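Let's walk through this model together, one surface at a time. Keep the sequence and the 3D view open as you read.

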Number of protein chains: 2
Amino acid sequence: MTETGLREAKRRATAHALAEAAFDLAVERGVDGFTIDDVAARAGYSRRTFANHFSCKEEAITGLAVERLREGLETMPEVPEDTPLLDWLMALARHQLSGGMLPLLQQLRHLAVDHHGLEPYLADVQLQIRRTAQDAVSARAGSNVSRLSSHILVGAAYGALMAVLDGRVPIRHPGDTSEGLTVDEFLTTVFTHLRRGF
Amino acid sequence: MTETGLREAKRRATAHALAEAAFDLAVERGVDGFTIDDVAARAGYSRRTFANHFSCKEEAITGLAVERLREGLETMPEVPEDTPLLDWLMALARHQLSGGMLPLLQQLRHLAVDHHGLEPYLADVQLQIRRTAQDAVSARAGSNVSRLSSHILVGAAYGALMAVLDGRVPIRHPGDTSEGLTVDEFLTTVFTHLRRGF
DNA sequence: CACATCATTGCCCAATGGGCAATATTTCCC
DNA sequence: GGGAAATATTGCCCATTGGGCAATGATGTG
């Protein structure tokens with residue numbers, strides 16, 4: 001499934017360097033305060049190579065988040081086969097959010113405020129998050145849960161995450177001002193909600 | 001809130017003409033089988049005017065769906081003040097899906113298969129659908145429903161819709177082959193599910 | 001080691017985005 | 001109604017971008 005060779009590792013390293021350069025430049029100068037050439041130069045690659053990895057600036061800027069999503073899947077620890085689906089989904093959510101994914105997404109949303117052109121690519125990241133969770137759930141659910149209801153379940157959890165990203169539910173990060181729930185409290189609240197139903 | 005003057009009407013007309021031209025060309029020739037100049041020419045406007053309305057081809061192609069979403073909101077019929085939130089959300093969903101929105105979204109997804117660059121813009125449309133529903137629900141829910149749970153509810157309904165768009169749940173259109181549920185049966189199933197909880 | 005595969009790069013050019021200014025139309029206010 | 005302000009359309013122009021092609025070098029396979 002997943003490539004493991006040296007070649008693939010180098011490819012990922014290149015993509016990472018480019019994505020990081022793009023993200024940093026976006027934070028420093030704003031999304032339209034730099035060109036693709038600037039990104040390539042900072043990362044130490046040619047503009048042509050940039051085009052081999054990303055279709056545009058915006059895709060590169062969101063690249064770190066996509067990367068982290070994929071890595072989160074690869075490093076997801078094993079859980080007992082008979083773990084209830086809801087518990088497992090909560091574990092997946094906790095694992096994904098533990099690696100600084102949330103602040104990253106929030107910063108991307110902040111960038112999107114000033115540069116509307118980033119929105120679609122951020123929307124795509126969010127879509128990939130939902131799809132990733134959906135695929136994982138579908139694969140694990142088997143025939144225990146009907147197809148449609150698993151989509152409803154994932155959508156519900158996704159909706160809660162979006163509430164955070166849209167700033168409707170404040171979250172308190174480790175070294176943050178003391179407003180809102182911690183990530184763990186948030187997850188507990190959400191999944192308690194899901195368990196009890198509407 | 002919504003502009004109603006002649007100027008705004010004309011502006012919408014040009015945007016519609018451009019979006020329609022872009023969508024039709026995409027269906028006829030594929031997403032990369034034409035240029036922005038082609039779109040402008042077919043709609044009878046200049047390339048420069050196209051740029052005043054859309055940032056790129058992809059945004060124009062999905063323009064019809066965004067338009068329809070906005071119109072759906074504007075034409076949403078009034079319902080009694082004391083209608084339960086779930087019933088109201090179902091009415092909103094039915095109203096939005098009644099205007100041929102579903103086939104349009106499905107065709108866009110079909111286009112995105114061959115042209116990956118369309119994905120982010122389609123993802124953005126889907127994000128706007130969820131946000132639109134969320135804003136409407138939040139505005140109507142008032143303090144009846146806690147903030148977070150309304151997001152979970154909308155997310156759940158959204159997840160069901162995505163199951164359809166992802167082709168996981170077949171839907172039968174009026175003059176279609178007889179496989180899957182009708183839109184009404186689908187909505188009934190979903191909202192029965194939501195009512196009963198997990 | 002020989003060969004196939006693939007990432008990086010330069011070269012090149014069509015396509016794109018976006019600023020600026022001119023013109024035409026709509027809106028606003030008197 | 002009439003004049004002024006706002007704004008949609010357009011042409012002009014050029015920096016930026018996307019992507020094909022071929023050369024080169026690194027990686028994987030037998």
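In this predicted model, H3(A) gives the most to the surface near DNA strand C, with 5 residues. Here a residue is near a strand if one of its heavy atoms lies within 4 Å of it, and helices (H or I, at least four residues) are DSSP runs numbered from the N terminus. Among the 21 residues around DNA strand C, the nearest are Arg7(A), Thr14(A), Thr49(A), Leu6(B) and Ser55(B). By class, this surface has 4 nonpolar, 8 polar and 9 charged residues; Ala, Val, Leu, Ile, Met, Phe, Trp, Tyr, Cys and Pro count as nonpolar, Asp, Glu, Lys and Arg as charged, and the others, Gly among them, as polar.

Chain B reaches the bases: a side-chain N or O atom of Arg47(B) is 3.3 Å from a base nitrogen, and a polar side-chain atom of Arg48(B) lies 2.6 Å from a base oxygen.

Turn next to DNA strand D, where H3(B) supplies the largest share of the nearby surface, 5 residues. From chain A, a polar side-chain atom of Arg47(A) lies 3.3 Å from a base nitrogen of DNA strand D.

How are the two protein chains related? A rotation of 180° with 0.0 Å of shift along its axis superposes chain A on chain B, with an RMSD of 0.1 Å (least squares on C-alpha atoms of residues with pLDDT of at least 70 in both). The copies are thus related as by a two-fold rotation axis. They meet through the same surface, because 100% of the interface residues of chain A are also interface residues in chain B.

Finally, within chain A, helix H8 (residues 119-141) and helix H9 (residues 147-165) pack at an angle of about 145° with their axes 10 Å apart. Axes are lines fitted to C-alpha atoms over the stretch in contact, and angles run from 0 to 180 degrees between N-to-C directions. Contact means heavy atoms within 4.5 Å; the H8(A) side includes Leu127(A) and Val137(A), and the H9(A) side includes Val154(A) and Leu161(A).

A note on reading the model: residues are numbered from 1 along each chain as its sequence is written, with chains lettered from A and ligands numbered from 1 in the order in which they are written. Local features need pLDDT of at least 70, side-chain atom pairs count only at pLDDT 80 or more, and totals for chains, interfaces and linings use all residues, while side-chain values use heavy atoms, leaving out hydrogens and water.

Key. Polar contact = N/O pair within 3.5 Å; in protein donor to acceptor, adjacent residues only side chain to side chain. Helix = DSSP H or I, 4+ residues; strand = E, 2+ residues; numbered from the N terminus.
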